[in-house]
Structures are given as structure tokens and as C-alpha cells.
Amino acid sequence: MRFVRLLIKAAVIFLPWPLRRRILIATFGYQIHPSARIRLSWVYPRMLVMGAHSKIGPFVVAVNLDLVTLGHHSSIGRRNWITGFPTGTSSPHFADQLDRRSELIVGDHSAITKNHHLDCTSSIVIGNFVTIAGYHSQLLTHSVDIAACRQASSPITIGDYSFVGTKTVILGGASLPAYSVLGASSLLNKAFDQTYQLYAGVPANAVKPLPEDSKYFTRDVGFIV
């Protein structure tokens, strides 16, 4: 049965999108809005939910995940690598983390641009009107707990209307508050809660306040011209 499902996954990629969408819904139980679209990509979480006008670009890989949710008018750009470690397996890895979920949840009007790596061993939750900008950022929810000498994971959260600069690293347990900017090439390794701040550096800290009336923080359409 597993081999058959693998064949179906490989075969449907090249079908016209309307037919492919119907097969994905019928075979895998995915919830894909009629206006949503996946380009030539290998996107096979256990459950996929795509809102109206959401889209996944070409050459995206998203596997070994419990769930991917993409809100309406949100997008995942081309050549993103999104992986995880699904729950409910017999593997000893992360077996002690009973409340762990391997999932990527993206809110409405948010964008993940191109060529990023998202490790969703634990949840990555991206709010509404967020931009994961530039190239080559890494969001890594798992690592090795040196004290316990075993692999461990923690969620990452990115608040509403936040902007993540290019080539950043965000580690498990980190949280970027709403209405915040993470500067290019920064390392975010812990949870912050102060909104309207620029966070930058290695490791990142709040370096200056941002104007609350910035148009980025008040827009009602995610796409930026």
C-alpha cells in the first residue's frame, strides 16, 4: 500500500492542476480551496490545508510533517525545503515529547520567499501578514540536548506583521513578537515579547523601537509591490 501511494504521489505531480487537486483531496484527504494552487513540487504532509488564493511555488519539498496549513492569500516561494519528524511513529527520537507536533502553520497574507530551510520537528507558527524575506534563512526547531544527550525540539513562533530579514537563523524556543523586524544575518535564539522593535545581532537583541504607524504594520493586503 505504501508503494502504491508513493507511485500516486509521483504520478500526480505532472497532471494538470485541477485534476491533481481532485486526486490529492480524494486520495489523501487534503483540504485545498478551489482557488489555491501547488506548482511542480513534492508537498506531502499527512494533512494539507490551503486557504483561498494560497499558493506553493515550484521545486518545494515538504515531507515528514503532521500538518501544513497555509492561510488565505499566503504563499511559499520556490525551492523551499520544509521537513519535520512526524508523530505516532515507533522511532525513539522525540518519544519523550508527547505534546510535540510536526507542523507548519502559516496565517493569512503571509509569505515565505525563496530558498529557505524550515525544520518543523516541532511547530513553526507564522502569524498573519508576515514576510520571511530574502534567501537562505534557517528555522530549526530541533537540536541535541547536551545535558540529556538526546535529540530535543521546541516550537518557533513568528508574530503577526513581523518581517524576517535575509539569511537569518531562528532556533527552537525562539519567538519574534508581533510588529517586529529581525535584521539580516541575525540569530534569534530565545523568546522575546516586546512589540514594535528591531531585533538584530548574534545573538539578537532589541536594538531600537520601530514607528507604530509604519505602513508595513498597518497594511490590509499582504502582497507588497
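Buried means under 20% relative accessible area, exposed means over 50%, and partly exposed lies in between (1.4 Å probe, protein chains only). The model is predicted: local features need pLDDT of at least 70 and side-chain atom pairs count only at pLDDT 80 or more, while totals for chains, interfaces and linings use all residues. Residues are numbered from 1 along each chain as its sequence is written, and side-chain values use heavy atoms, with hydrogens and water left out.

A salt bridge is a side-chain nitrogen of Lys or Arg within 4 Å of a carboxyl oxygen of Asp or Glu. The count by this rule is four. Among them are these:

| Salt bridge | Closest N and O atoms |
|---|---|
| R46 and D66 | 2.8 Å |
| D66 and R101 | 3.9 Å |

Through shared partners, R46, D66, R101 and E103 are joined into one network.

D66 is buried at 4% relative accessibility, and E103 is buried at 10%. R46 is partly exposed at 45%, and R101 is partly exposed at 37%.

Strands are DSSP runs of E with at least two residues, and helices are runs of H or I with at least four, numbered from the N terminus. R46 sits in the loop between β3 (42–43) and β4 (47–50), and D66 in the loop between β6 (61–63) and β7 (67–70), 20 residues apart. R101 is in the loop between β9 (81–84) and β10 (103–106), so its pairing with D66 ties together parts that are 35 residues apart in sequence.
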